[in-house]
Each structure stands twice: as structure tokens, then as C-alpha cells.
Amino acid sequence: MEIMQKYTTDASRFLMIEDCMIHYRVEGKGPPLMLVHGAFSSCHTFDEWTNLLKSKFTIIRFDIPGFGLSTGFVDKVYSINRFTRFMAKFLKRLNIPQVHLAGSSLGGWLSWEFTLKYPKMVNRLVLIDAAGFVQEDRIPLPIKMMRTPFVDKIVRFVIRKQTLEVFLREVFVHQDRITDEMIDRYYDLFTFRDNQESFFRLVNSKFVDRTRRLKEIQHPTLIMWGEQDAWVSIEDAYIFRDRIPNAELLIYEDLGHLPFEEAPKSTSKDLVQFLGRKSASKSAKMKAVS
């Protein structure tokens, strides 16, 4: 299949878990670091981070069931708990008992929920513009559209590449970082197989706000946030910092929702510094240009 050939590499592997064919990659050497992507995305969002980090870490990344090149759940039931159970099974199948865990947006939500549920499987936690505060008045436009009767049907069946480009430009501050290749990737993988249906099922699931339990996370935690994030409020960054006991916060003044993809060099250096440091430092605001 053309899309499969286009978006796999020599590092691509496939594994059956819960009736899902999962696309994943394990690259590099050193302590294991698992990267979890967000909605509308795939493990490919971490391509540049992987190239910069794989000399120091074993980078583990995968397409969440129903996203990227991975197939979705057969029963079409999606929930945060189900994703975190899947992540635990995935790591056990790879025989990896513990990882540094970094997640972006939805992947950030999955990462802190996973840490609560499986604390012994996580060494250090990194939340990148993470979701998880269930507030109806602050839902990103694409998700709001998919949760609106009649509008959702239009989006699901007639979504165009230009629509995905509009969404992508919302999450980047530096528009010159958005390439035609990037737009093609986001569109190709979002519209691949039943991925649109999986996304629709996910965003229309009933979510439970468990952010009150963030205080239970004792792991050293780095919160990385683009100050100009148009999808997840900068206010949430401070709430994560204040509720997680051993957390530090880095705010990037000139970046948006995907700081690791918008400024991979500077953000990867900050990540390496955090993972190698013995203790957390105070919050910092900084510019990040790569």
C-alpha cells in the first residue's frame, strides 16, 4: 500500500496488541525514552527529536491505536483508560520494565494518567502542552467540530488537505517551519483507513477529569509549554506545575502547541538537561529557536 511504504522506514516494526496492528519504532542506545504523540498526529511528529536524541537514549515511539499506521480498536471503543492499558501491554511485549515518558497534547494526557496507574513503569515524566483538564469552554476548534451534530458528519466525510493545513497553522507560531511535506504527512495519516472514524469516536467519548490526582505523581516532572499555544491554555501549564509535587516548568515565549516540532534543537537540549539532572529547578521562561 502506497501510504504504508511512504511512512515506514527500516526502523518500522508491527506488533499485534488487543486486535490492533501497531506501528512502532525503537531506535538509538541508552536509557529508554518513550514518546507519545497527540491527536491529529502520529509517531512521525517526533522524527527530528528522535534524530537528535537517539545517540543518548533508546527512543521508543508508536502510533496510538486508530492513528498513523496503527489500526484501531475493533469494537471502536476509545477511552483514556484503554489507551493506558494498551501502553502497559506494549512495553511488556517489548520487555521494557521502565521508561522516561514524554507525551504531547493527548499524549501528555495519556502519559500522566499512565504514570498514576503504573508508577513503577515510569522513571521521569515530561508533559508537552498536555491535555487533561476537561473544560467544555476551552476545547480546540477541530475537536469542537467533531463533537457538533451534523457538522461532524461533514468534517468526517469531506475533510480536505486545506482544512488540515488550517489546523496545522493554528498550532505553529513560525509559519515558515510548516513544509508541504509536513502538510502531506498530517493529511495522509489522518485520512488513512479508518483514522477519521477513530478520532471521531475518541473525541466523543465521555472523559473523566482526574486532574485532582496529579498531586499523587511523585516522579520528577518537566512541563514544556509554548506560551502562544492556541489549543491548550497556558494557564494549564501553571496548574500542572502547582499540582505535581516535583515538577518544573519551561515556557517557550515564541512557540505554539508543538514546541518539539517547531524548535527541535533547543527543546531537545532542554529535555536532555532535565533527564540528566538530579533535582528539579524552578520555572523558567525562555525563547527557543532552532
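Predicted model: local features only at pLDDT ≥ 70, side-chain atom pairs only at ≥ 80, totals over all residues.
Residues are numbered from 1 along each chain as its sequence is written. Local features need pLDDT of at least 70, side-chain atom pairs count only at pLDDT 80 or more, totals for chains, interfaces and linings use all residues, and side-chain values use heavy atoms, with hydrogens and water left out.

The protein contains 12 helices and nine strands. Helices (H or I, at least four residues) and strands (E, at least two) are DSSP runs, numbered from the N terminus. Of the 290 residues, 55% are buried. Buried denotes under 20% relative accessible area, exposed over 50%, and partly exposed the range in between (1.4 Å probe, protein chains only). Among contacts between residues at least 6 apart in sequence, 74% join residues at least 24 apart. A contact requires heavy atoms within 4.5 Å.

Strand S7 spans residues 221-226. Six of its six residues are buried, so S7 is largely enclosed by the rest of the structure. In a regular strand the side chains alternate between the two faces of the sheet. Both faces of S7 are covered. Thr221, Ile223 and Trp225 are buried on one side, and Leu222, Met224 and Gly226 on the other.

S7 has partners in S6 and S8. Two strands pair if DSSP finds at least two bridges between them. Strand S6 (residues 122-128) runs parallel to S7, with four bridges. Here Leu127 stands opposite Ile223. Strand S8 (residues 247-252) is also paired with S7 in the parallel sense, over six bridges. Gly226 faces Tyr252 of S8 in this pairing.

Arg25 lies in strand S2 (residues 20-28). Its relative accessibility is 4%, so Arg25 counts as buried. Beyond neighbours within four places in sequence, Arg25 contacts Tyr7, Thr8, Thr9, Ala11, Ser12, His44, Asp47, Ile59, Ile60 and Arg61. Arg61 is 36 residues away along the chain, yet the two C-alpha atoms are separated by 5.5 Å. The Arg25 side chain makes a polar contact with the side chain of Ser12 at 3.2 Å. Another polar contact reaches the side chain of His44 at 3.4 Å. A polar contact is a pair of N or O atoms within 3.5 Å; within protein, one must be able to donate a hydrogen and the other to accept it, and residues adjacent in sequence count only if both atoms are side-chain atoms.

The structure holds 19 aromatic pairs. Rings of Phe, Tyr and Trp (its six-membered ring) pair if their centres lie within 6.5 Å; planes under 30 degrees apart count as stacked, over 60 as edge-to-face and the rest as tilted. Trp49 and Phe260 form a tilted pair, because their planes lie at 50°, with ring centres 5.6 Å apart. Trp49 belongs to helix H2 (residues 47-53) and Phe260 to helix H11 (residues 259-262), so the pair ties together parts that are 211 residues apart in sequence. Trp49 is buried at 1% relative accessibility. Phe260 is buried as well, with a relative accessible area of 1%.

Phe86 and Phe90 form a stacked pair, 6.1 Å centre to centre with 25° between the planes. Both lie in helix H3 (residues 80-93), four residues apart, about one turn of the helix. Phe86 is buried at 1% relative accessible area, and Phe90 at 0%.

One aromatic cluster is formed by Phe40, Phe167, Phe190, Phe199 and Trp231. Phe40 sits in the loop between strand S3 (32-36) and H2. Its relative accessible area is 8%, so Phe40 is buried. Phi of Phe40 is near 65°, a positive value in a residue other than glycine. Ser105 also has a positive phi, near 55°, and is not glycine. Ser105 occupies the loop between strand S5 (99-104) and helix H4 (106-117). With a relative accessible area of 13%, Ser105 is buried.
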